[in-house]
Amino acid sequence: MERKFLGWDRPVLDLAAERLLRGITARPADLSSIAIMAPTRNAGRRLRERLALLAEEKGLGGVLSPLIRPPEYFLNLGISEEQRPRLASRNQTVLAWARTLRKAKLGNFRAVFPVDPPEQDFRWALQVGREFADLRETLGEAGKDLKAIFQAGGDEMPERERWEALARLETAYLETLDGLGLEDRQDARARSAEKARLPEEIQRLILLATPDPIPLALRVARGLSRKLPVEIWVHAPESVADGFDEWGQPEADFWESFLLPLKERQLHVCTNAEAQARLTARWIAPLNQRDRYVAVGAPDREAALTLRRVLEERQVPVFDPEGEALKTQGFHYLLRTLGRFVRTGEFADFAELVRCPGFVRLVESRTGENISTRRLLEALDRFQSETIPRHLSSVRTLLKRDPENEDRGRMALEQAMEVGLRVREELSAEGNLTALLGAMVAIHGGASLDPEKMEDQAVIEGGKALESACREWEAVSASGLVDASPLDALDFVVEQAGEQRIYETGHRPAVEMLGWLELLWEDASWLVLTGMNDGVVPDAVVGDKFIPEALRGAPYVGLKTNRDRFARDAYLLAALLGSRAKAGRVDVLLGKETDAGDPLRPSRLLYLCRDEELPKRIETLFKEPSDAPEMGFWNAPWKLKIPEAPPLNGLRVTEFRTYLACPFRYYLTYRLRMESLDLVRTEMGSREFGIVCHEVWERFGRDAALRDSTNADDIGEFFTQTADAVAGERFGGELSVPLQLQLESLKQRFRRAAEIQAEQRRNGWRIVDVERVIHESLPWKIGGLPIWGKVDRIEQHEDGAWRFLDYKTSDRAANPKNQHLTKIMGSTNLRQVLSCARFKMGKAEYRWQDLQMVLYAAALQEIHGEPVACGYFNVPKALEEIGVVEWKDLDADLVSEGVACAERIVAAIQENQFWPPTERPPYDDYGPLLFDVPEMTVEAGGFALAERLEDADA
């Protein structure tokens with residue numbers, strides 16, 4: 001074997017291509033007798049391109065390419081053609097592990113499984129089987145297995161009992177494969193490493209700029225060196241020869257102290273990945289990509305998604321040779337959602353499925369009708385805002401609660417539900433994979449797809465991957481390798497399809513976005529290296545559950561350590577800098593924090609400088625990012641335009657409280673009918689909790705016999721049974737656990753409320769009416785506008801007095817006076833107080849917060865011809881607080897003040913007084929929409945100003 005140093009004054013592509021064609025004059029240049037081990041497939045692609053271009057420049061009329069392959073290719077050279085069909089695929093390996101684990105008596109392997117899983121089923125076995133398959137693949141890189149590590153470790157080996165149990169599990173796994181006539185691929189590679197043979201025409205092997213080869217591939221190369229010349233070409237000058245071992249791998253002792261020629265001007269500290277992407281886009285967007293002038297390094301593959309998005313938003317086309325996993329695309333999201341719904345049957349998963357683009361096409365294909373996606377989604381939103389069914393089987397009943405409702409959106413939702421149930425039944429049955437393929441064809445089969453668009457290519461390649469996964473499952477099932485349910489089959493093929501990578505097609509000029517190990521083979525004169533943070537570069541394995549760092553470096557294991565990775569990455573950065581020192585540019589970008597706000601450290605490579613330069617380097621790396629937001633006022637890029645509301649034809653009594661809290665939010669809620677929707681609820685909100693409580697009270701009040709009862713037990717039994725019935729009607733027959741807990745809490749409150757109710761009846765109060773609609777009894781107007789209201793409960797005492805009560809289910813017991821009135825103090829923020837809410841009572845000044853009870857008192861007094869008392873029937877969390885609280889001092893003068901306030905509010909509403917918004921209102925559904933600063937996010941030119949106390953006093 002012979003090492004040859006190419007230098008690093010230029011990119012390795014130029015140096016390697018020139019050296020390979022040096023001295024050749026024949027036409028075409030014949031390099032077909034040479035085999036080259038290159039680090040990646042993309043490196044091989046780039047080298048073939050460069051050889052072809054250089055041969056044309058030299059007038060050689062073309063080139064017969066060498067055999068250029070990544071290290072993985074060489075691992076299979078010793079395996080005979082007869083042996084290959086018996087080698088287990090990755091899926092067969094994982095499934096064999098799963099079968100072994102399902103049959104294993106876990107009590108015999110307590111060093112590995114100290115606690116039994118909840119269920120030793122296929123899903124658990126498949127998950128753990130993947131972990132064991134990954135472990136053996138990692139060890140297989142060094143030509144080792146679990147048994148070999150255990151035997152070589154000796155008595156001093158850490159966690160020896162655990163490795164002994166792992167070795168026994170491995171033996172059982174290999175016996176499973178052998179019983180099926182299969183052989184483990186890792187074992188076959190290790191046994192055949194010394195038998196490797198290259199094609200007969202190959203006369204020379206070159207390991208070309210491969211600083212991090214698979215250890216087993218080096219064993220193969222060593223064996224081949226006995227048969228033909230092997231050369232190691234290192235992309236570095238002879239002056240650093242001491243920094244490499246015989247195979248051209250960087251030596252840690254040398255590179256840990258190497259001084260990188262980085263200048264401070266090359267270092268750019270940014271806030272996060274988004275900021276790095278914006279800076280990169282600003283640099284390269286104006287460039288002509290046909291010249292291959294610039295390439296972008298993206299070692300952090302998660303941040304690469306942000307980088308790609310921002311570049312393409314700036315009209316910078318990007319090519320990523322690593323492609324993207326199908327599981328990141330919409331096609332696979334639909335597959336996963338469909339699989340999850342089939343397994344659970346839960347309404348939340350069905351709702352997510354309906355919102356997947358394309359699901360409507362499946363409904364249309366099954367029903368033969370055109371479905372309006374907008375109407376379907378609107379109906380789904382309404383349904384989710386009104387109820388919380390657990391399983392889809394409950395939805396049919398809930399949708400038919402109003403049989404006279406022929407709303408087309410509701411009908412579309414019913415159709416979607418029926419299709420969902422049928423598809424679930426099909427995919428839960430034997431032969432479900434055929435049904436799965438049929439469903440995906442129905443969704444995507446008629447679509448017009450452009451293979452040059454990534455999202456369309458994901459559909460094309462996703463369909464192929466899904467079909468391939470289905471075929472493989474059927475094959476392994478036929479072999480007897482698995483004993484699993486149809487749902488297990490569905491989970492398996494969905495996950496397997498997601499592992500497929502898709503690669504862009506077409507030949508558009510684009511900026512290449514490369515992983516760290518690909519950058520050595522990039523020849524663009526300008527490199528922008530993003531994501532240069534510790535843990536990404538240098539790469540590190542931290543917290544491996546099977547092979548900790550100390551064990552990786554043990555001689556009997558022979559895997560790469562974090563120290564080895566540091567050396568490799570220090571060398572790679574040195575080579576990138578050296579190859580552009582004379583003609584080119586390298587910019588290093590790093591983030592201060594993740595997109596989630598977690599802090600990041602600069603790459604340790606950036607500290608490889610002279611001691612006297614270190615203080616300045618640290619100052620540079622920890623300075624405030626240039627893109628950090630400056631202190632000052634935040635400005636919205638655009639403002640919301642508020643539409644004009646339809647004509648006002650009346651007010652509900654409950655609306656006044658919202659106007660008093662904030663006129664602008666009142667306009668959004670009651671004039672524009674806006675409301676926030678919580679579409680991921682698993683339990684009742686305060687509104688739904690109150691609705692259920694009110695429904696129970698109403699049914700009690702309409703039971704003429706029971707409402708006169710003084711027997712708390714009878715009343716409590718009615719309350720609890722009715723609460724169960726109402727919950728079932730609203731939320732379906734099978735409630736979620738959170739709903740069950742809430743319902744039990746409500747029933748506990750009602751048992752105590754039954755005692756209070758019986759006591760009130762014994763004290764002479766008798767329910768006369770419930771849910772009394774005021775405007776049906778009284779043509780009620782304020783300021784010329786009809787006023788609508790509904791009183792929860794009206795009672796009459798045995799002495800003839802009248803009283804009405806409002807039910808309250810808030811967490812704490814409420815006092816009606818305190819809910820409606822508050823005293824204006826010296827500390828009161830006057831900007832929060834509307835002038836129309838202000839009045840004097842005695843020497844003190846008050847403001848109205850609510851008018852509901854006061855207006856009801858005024859209306860009922862007019863109906864009954866005499867004053868009517870009022871109060872709350874509180875049903876809060878604390879059982880000891882449950883009871884009736886009356887507003888004792890609500891007199892005629894106070895009622896008159898409240899009516900006068902209502903008249904002022906009606907006038908303000910009619911005059912369009914909805915601005916400015918109240919600062920920090922007591923409740924706000926619009927915070928996320930308005931960013932909590934409506935003055936800066938809303939264009940409110942059409943509104944008149946609502947007068948506040950500060951302005952009135954001024």
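Reader: Are α1 and α2 parallel, perpendicular or oblique to each other?

Author: Two packed helices are described by the angle between their axes and the distance between the axes. Here, α1 (residues 12–21) and α2 (residues 41–57) pack at about 55°, with axes 9 Å apart. They are therefore oblique to each other; under 35 degrees is roughly parallel, over 145 roughly antiparallel, 65 to 115 roughly perpendicular, and the rest oblique. Keep in mind that this is a predicted model, where local features need pLDDT of at least 70 and side-chain atom pairs count only at pLDDT 80 or more, while totals for chains, interfaces and linings use all residues. Residues are numbered from 1 along each chain as its sequence is written, and side-chain values use heavy atoms, leaving out hydrogens and water.

Reader: Which residues of α1 and α2 meet?

Author: Contact means heavy atoms within 4.5 Å. From α1 come Leu13, Asp14, Ala16, Ala17, Glu18, Leu20 and Leu21; from α2, Arg46, Leu47, Arg50, Leu51, Leu54 and Ala55. By class, that's nine nonpolar, no polar and four charged residues.

Reader: How many residues of α1 are buried?

Author: Buried means under 20% relative accessible area, exposed over 50%, partly exposed in between (1.4 Å probe, protein chains only). Eight of the 10 residues in α1 are buried, including Val12 and Leu15. The buried set packs against α2 and several strands, among them β3 (34–37) and β6 (204–208).

Reader: And what follows α1?

Author: Glycine 23, with a positive phi near 80°.

Technical notes: Axes fitted to C-alpha atoms, helices over the stretch in contact; angles between N-to-C directions. Helix = DSSP H or I, 4+ residues; strand = E, 2+ residues; numbered from the N terminus. Nonpolar A, V, L, I, M, F, W, Y, C, P; charged D, E, K, R; others polar.
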